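Trainee: I would like to learn how to read a model feature by feature. Can we work through one together?

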Amino acid sequence: MATQTLVPVEDYLRRVDEGGCPDYLDGVLVERNVGHYKHSKIQVLLVAAFLELGKRIPCHAAPELHLKLAARRYRVADLAVFFGPEPGPDIPTMPPDLVVEVLSPDDRHKDLIEKLEEYRQWGVTHIWFVDPWTERLHVYNDAGLMQVASFRLPESDFEITPKDLFG
């Protein structure tokens, strides 16, 4: 079994400033699987939906946002959404109200569930998961990962259906 060289958090943050986007888990850089058209398209459609919602209520959607979950735990959300005032600092240290993860072809189920659970434990209220290849929507909560017919925010009349994302 190969050993990994631990990276100081300062080096990770310097990489973030230079545009790098791996997760940082207790000193280990964990590359993310991104860059596929379907993945990007879903992010764009979701951002557009939240920009529209932002015309009615204070809502701030940020794709590919680094989040500081703990002193040595940073995750990059495919999409983080904050309701109310804009988040701060540049790397938020408080959980967003909503996180969306979009499946990439090389994602491993075990790693995905671990990431979603970490968001839940951190205090993210709504955790959504999109599979662009099966065109299915899921929510993650204390009961686990469950397929849903649509994404809804009970705090508003906001709803996203598979048709909104997949045509």
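Trainee: By class, how many nonpolar, polar and charged residues does the lining of the largest pocket have?

Mentor: First, keep in mind that this is a predicted model. Now the general idea. Rolling a probe the size of a water molecule over the atoms shows where empty space is left. Here, the lining of the largest pocket has 12 charged, 5 nonpolar and 3 polar residues. The volume of this pocket is about 410 Å³.

Trainee: Which residues lie nearest the centre of the largest pocket?

Mentor: Asp-23, Val-30, Glu-31, Asp-107 and Asp-111 do, out of 20 lining residues. β1, β4, β5 and α3 each give two or more residues to the lining. α3 gives the most, with 4 residues.

Trainee: Next, strands. Why is strand β6 largely enclosed by the rest of the structure?

Mentor: Start with the rule. In a regular strand the side chains alternate between the two faces of the sheet. Then check each face of β6. His-126, Trp-128 and Val-130 are buried on one side. Ile-127, Phe-129 and Asp-131 are buried on the other. So 6 of the 6 residues of β6 (residues 126–131) are buried, and the strand is largely enclosed.

Trainee: Which strands pair with β6, and in what sense?

Mentor: Take β5 (residues 98–102) to begin with. β5 and β6 pair in the parallel sense over 5 bridges. Val-100 has Trp-128 of β6 as its bridge partner. Now take β7 (residues 136–141). β6 and β7 pair in the antiparallel sense, again over 5 bridges. Phe-129 has His-138 of β7 as its bridge partner.

Trainee: Last, aromatics. How many aromatic pairs does a search of the whole structure find?

Mentor: The search finds 7. To class a pair, read the ring centres and the plane angle. In Tyr-24 and Tyr-74, the ring centres are 6.1 Å apart and the planes stand at 70 degrees, so this pair is edge-to-face. Then place both residues in the chain. Tyr-24 lies in β1 (residues 23–25) and Tyr-74 in β4 (residues 73–83), so the pair ties together parts that are 50 residues apart in sequence. Both tyrosines, Tyr-24 and Tyr-74, are buried.

Trainee: Which residues form one aromatic cluster with Trp-128?

Mentor: Phe-50, Phe-151 and Phe-158 do. Trp-128 is also the β6 bridge partner of Val-100.

Key. Residues numbered from 1 in each chain as written. Predicted model: local features only at pLDDT ≥ 70, side-chain atom pairs only at ≥ 80, totals over all residues. Heavy atoms only, no water. Buried < 20%, exposed > 50% of the residue type's maximum accessible area, 1.4 Å probe, protein only. Pairing = 2+ DSSP bridges. Phe/Tyr/Trp six-rings, centres within 6.5 Å; stacked < 30°, edge-to-face > 60°. 1 Å grid on protein atoms, 1.4 Å probe; cavity = no way out; pocket = protein on both sides within 12 Å on 5 of 7 lines; lining within 4 Å. Points joined across faces, edges and corners; volume = space filled by probe spheres on them. Nonpolar A, V, L, I, M, F, W, Y, C, P; charged D, E, K, R; others polar.
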